[in-house]
Amino acid sequence: MKKLLNILVVALAGGVFFTGCYNDFENPAPNKIYTRDDFGDRIISIKDFKQLFYDVYGNGAGSLAQTLVIEDDYVICGKVISSDKAGNVYKSVHIYDETSESAIELKLMVSNYVYYHPGQTIFVETKGLAIGCYRYMLSVGTPPSETEIAKGYANGNIELPLMRDQHIKMGEMGELTAADTLVVTPKNYKTTLTDAALGRLIRFEGLTYKTGEYDGDTYPSYLEQTYPDNSTEAVYVTKFYKDQNLPDTYAYNYNNERYYGSSLFTYNKTTDPTTGTSGNYIVRVSGYSNFALDELPANGATGDITALYTKYSSKTGGYIKYQLLLNNGSDVKFPDATSNTSGE
């Protein structure tokens, strides 16, 4: 009888325990908001974190497609400065570390704007992840698979929610401030803008939109992608809007065909910008963006662009272009443009 009583007491206690768990499930505690105190001396600035890669591979052509797997327990933190809500930023989040004035891309999943908001601080526990270099741009992701390596990628995307939550910790919500955006003008771009600013959010004031040739290419244009004879390898053909009787727009989006578009903005006032990278910037826009069909400004118009500053080259490291990655169409402020109000 005593044994039976003990069993009933244990069962009753278990029932209370499980009821308590059930109530906690129904009323979950709020998610933890992480701060720098949670990580202590494990935190490394983004500038120093990127330097880990440069110390091994340098920052020249020999660094392209190289991978550095992080074996130490480093944590990086920064404000979110990108958004994929408008469809132009793809499977990535860019974060900015104001302490070192440096930024880096995190390779993640789609619809990141649902989880990570501009101005929000996030922390990334990087042990087991990899810094990869793609055409001079560094990013943080998973160690690359054989397929990714074959395609020239030096790391992969953190797409599984379990892995994402293991490495990325949410900090406080916040707002982007003026201090988070580097301001570049026709007077200071030659001294202010260096490769140390790659990945940062930059406001280019007083840029001039130009049509015509630059460094062997003609702008504006779009890159048609086809798979002839059911090939698995894409063939890319540069096309021009006027040749197709189309208005000049940021990208191509017609009949369910969506292609990247490229346009030229410059601080060089000559009709044909001189060959070279200084002062010439390519705005490359996805055909999937919600501002793809916004018409480009009038040739010679001057205005401002706020964008992520990136670098791109051939596979061997030559033919370098500096590209501007737009978060929204509304980040282009040209008074003579026919549109530029979408993407909010």
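Two strands count as paired if DSSP finds at least two bridges between them. Strands themselves (E, at least two residues) and helices (H or I, at least four) are DSSP runs, numbered from the N terminus. Keep both rules in mind for the first stops.

This is a predicted model: local features need pLDDT of at least 70, side-chain atom pairs count only at pLDDT 80 or more, and totals for chains, interfaces and linings use all residues. Residues are numbered from 1 along each chain as its sequence is written, and side-chain values use heavy atoms, with hydrogens and water left out.

**Whole chain**

Start with a cartoon of everything. The protein has 5 helices and 21 strands. Colour by burial next: 46% of the 344 residues are buried, meaning under 20% relative accessible area, with exposed over 50% and partly exposed in between (1.4 Å probe, protein chains only). Contact here means heavy atoms within 4.5 Å. Of the contacts with a separation of 6 or more, 66% join residues 24 or more positions apart.

**The open sheet**

Select β1 to β8. These 8 strands form an open sheet with mixed pairing, in the order β1-β6-β7-β4-β3-β2-β5-β8. Neighbouring strands are turned by 35 degrees against each other on average, direction ignored. Axes are lines fitted to C-alpha atoms, for helices over the stretch in contact, and angles run from 0 to 180 degrees between N-to-C directions.

Zoom in on β2 (75–80) and β3 (92–97). They pair in the antiparallel sense over 2 bridges. Pick V80: its bridge partner in β3 is I95.

**A cavity and a pocket**

A 1 Å grid over the protein atoms alone defines both kinds of space: a cavity is a set of points where a 1.4 Å probe fits but cannot get out, while a pocket is an open set with protein on both sides within 12 Å along at least five of seven lines. Lining residues have an atom within 4 Å of a point. Grid points are joined across faces, edges and corners, and a volume is the space filled by probe spheres set on the points.

By this rule there are 2 cavities of 30 Å³ or more. The largest cavity has a volume of about 60 Å³. Show its lining: K50, Y54, A103, I104, E105, Y136, M137, L138, D195, L198 and G199. The elements that give two or more residues to this lining are α2, β4 and β7. The largest share, 3 residues, comes from β4.

Next, the second largest pocket, with a volume of about 440 Å³. Of its 22 lining residues, K50, T194, D195, A196 and A197 are the closest to its centre. Here α2 gives the largest share of the lining, 4 residues.

Move to β19 (302–312). Because 8 of its 11 residues are buried, β19 is largely enclosed by the rest of the structure.

- β10 (201–210) pairs with β19 in the antiparallel sense over 6 bridges; L207 stands opposite G303.
- β20 (321–325) runs antiparallel to β19, joined by 5 bridges; L308 stands opposite L325.
- β21 (332–333) is joined to β19 by 2 bridges, also antiparallel; I305 stands opposite V332.

Leaving aside neighbours within four places in sequence, its contacts include I81, S82, H94, G199, R200 and L201. N327 is also in contact with L308; their C-alpha atoms are separated by 7.8 Å, 19 residues apart along the chain.

**The nonpolar cores**

A nonpolar core is a set of buried Ala, Val, Leu, Ile, Met, Phe, Trp, Tyr and Cys residues joined through side-chain atoms within 4.5 Å. The largest has 31 residues, of which F204, Y281, I305 and Y309 touch the most other members. β9 (182–184), β10, β18 (280–285), β19 and β20 each supply at least two residues. The largest share, 4 residues, comes from β10.

Centre on Y281. Beyond its neighbours within four places in sequence, Y281 is in contact with residues including Y189, L193, F204, L207, F265, Y309 and Y322.

Last stop: another core lies apart from this one, with 26 residues, among them L64, L108, L129 and Y136.
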